[in-house]
Amino acid sequence: MDAHIQAKNLNAYYGGAQSLKDINIEIPRKQITVIMGPSGCGKTTLLKTFNRFLELTDSTRIEGDVLVDGQNIYERGVDVTEVRKRVGLLAQRPFPLPMSIYENVAYGMHIHRMKSERKEYRAAVKHYLEVAGLYEEVKHRLMSPATSLSIGQQQRLCLARGLAVEPEIILGDEPTSALDPVSSQNIEQRLLDLKQDYTIVVVTHTLRQARRLADYVIYMYMGEVLESGPAKEVFNNPRHERTRAYLEGQI
């Protein structure tokens, strides 16, 4: 496997409660990896260790290593801002910034000084809105407030905003859970298209969605990874009895 992300002996704690227990996994490059398992099993906690978002939560402690392209992102002296630029996060609910549609997409590029001329910003905003499948719907109102968009459009805007800072990896924390079926399908299609250029890791509580999206699967239970492997193998021939029970709807 060409592993883009590796977790080695990874443990995470909220106060005195251990949430992740000795995680050792590899996540393949330019595929969609789905992390699945019952509620409260540590899926989102694991996801947020991949871009150091977990440490934004009070009373968290992380032990072990997370390597992105072979570099331990928890090593002393690592630029956390750069880590979060390389590894973007699409949250459960969209959080558009309190500014225009255009400014939402351009914001990160301005912060990181990624362009030198206004026309370059305009071209980039158009490009990433097109990639997110939103440009045709908003091209005549780019200066309108982002909050005027529907929730499904807001999620695609947040995807465009994340892509605009040129990450290598996209994390999705149940990115369709707040959306209607049509909007969910739209986001899923965007992710399927994007895996040609990005490594994508998605947490989902919906088994049907996991089957639609996954190239690679990680199954978690009570803070542990019980099984991981290519999606076809896990879905068709699970090795662990708890994985089998989850796939059969018993858990």
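Which residue stands opposite valine 68 in E5? The residue is glutamine 71, and point 2 returns to the strands concerned.

1. Basis of the note. The model is predicted: local features need pLDDT of at least 70, side-chain atom pairs count only at pLDDT 80 or more, and totals for chains, interfaces and linings use all residues. Residues are numbered from 1 along each chain as its sequence is written, and side-chain values use heavy atoms, with hydrogens and water left out. Helices (H or I, at least four residues) and strands (E, at least two) are DSSP runs, numbered from the N terminus.

2. Two strands are taken to pair if DSSP finds at least two bridges between them. E1 and strand E4 (residues 60–68) are joined antiparallel over eight bridges; within this pairing, glutamine 6 stands opposite leucine 67, and the bridge partner of tyrosine 14 is threonine 60. E4 and strand E5 (residues 71–72) run antiparallel with two bridges. The hairpin of E4 and E5 has two residues between the strands, and aspartate 69 takes a positive phi near 55° there.

3. Strand E9 and its partners. Five of the six residues of E9 are buried (under 20% relative accessible area; exposed is over 50%, partly exposed in between; 1.4 Å probe, protein chains only). E9 is therefore largely enclosed by the rest of the structure. E3 and E9 pair in the parallel sense over four bridges, with isoleucine 35 opposite isoleucine 218. E9 is also joined to E10 by six bridges, and these two strands run antiparallel; here valine 217 stands opposite glycine 229.

4. Nonpolar cores. A nonpolar core is a set of buried Ala, Val, Leu, Ile, Met, Phe, Trp, Tyr and Cys residues joined through side-chain atoms within 4.5 Å. The largest one has 45 residues, and Met36, Val105, Leu129, Leu157, Ile200 and Phe235 have the most contacts inside it. Another core, of 28 residues, lies apart from it and includes Ile5, Ile27, Ile35 and Val203. Isoleucine 200 touches Gln31, Ile32, Thr33, Ile170, Leu191, Leu194 and Lys195, not counting residues up to four places away in sequence; contact means heavy atoms within 4.5 Å.

5. Helix H7. The 14 residues of helix H7 (residues 181–194) should span 20 Å at 1.5 Å a residue, and the end C-alpha atoms are 20 Å apart, which agrees. The expected span is 1.5 Å times one less than the number of residues. Ser183, Ser184, Ile187, Glu188, Arg190, Leu191 and Leu194 are the buried residues of H7. Seen down the axis, these fall within an arc of 155°, so they line one face of the helix; the arc is that of the directions from the helix axis to the C-beta atoms. On the other side, Pro181, Val182 and Gln185 are exposed. The buried residues pack against strand E3 (32–36), helix H4 (118–131), helix H6 (151–163), strand E7 (169–173), strand E8 (199–203) and helix H8 (207–213). At the start of H7, a side-chain oxygen of aspartate 180 comes to within 3.0 Å of the backbone nitrogen of valine 182.

6. Helices H3 and H6. In helix H3 (residues 101–111), the buried residues are Ile101, Tyr102, Asn104, Val105, Ala106, Gly108 and Met109. They pack against H4, helix H5 (135–138) and H6. Glutamine 153 lies in helix H6 and is buried, with a relative accessible area of 12%. Glutamine 153 touches Leu134, Glu137 and Arg141, with residues up to four places away in sequence not counted.

7. Positive phi to inspect. Asparagine 9 has phi near 50°, a positive value in a residue other than glycine. Asparagine 9 is in strand E1 (residues 3–14) and is partly exposed, with a relative accessible area of 46%. Methionine 222 has a positive phi of about 55° although it is not a glycine. Methionine 222 sits in the loop between strand E9 (216–221) and strand E10 (224–230), a hairpin with two residues between the strands, and is exposed at a relative accessible area of 52%. Just after H3, arginine 113 takes a positive phi of about 50°.

Terms used
A polar contact is a pair of N or O atoms within 3.5 Å; within protein, one must be able to donate a hydrogen and the other to accept it, and residues adjacent in sequence count only if both atoms are side-chain atoms.
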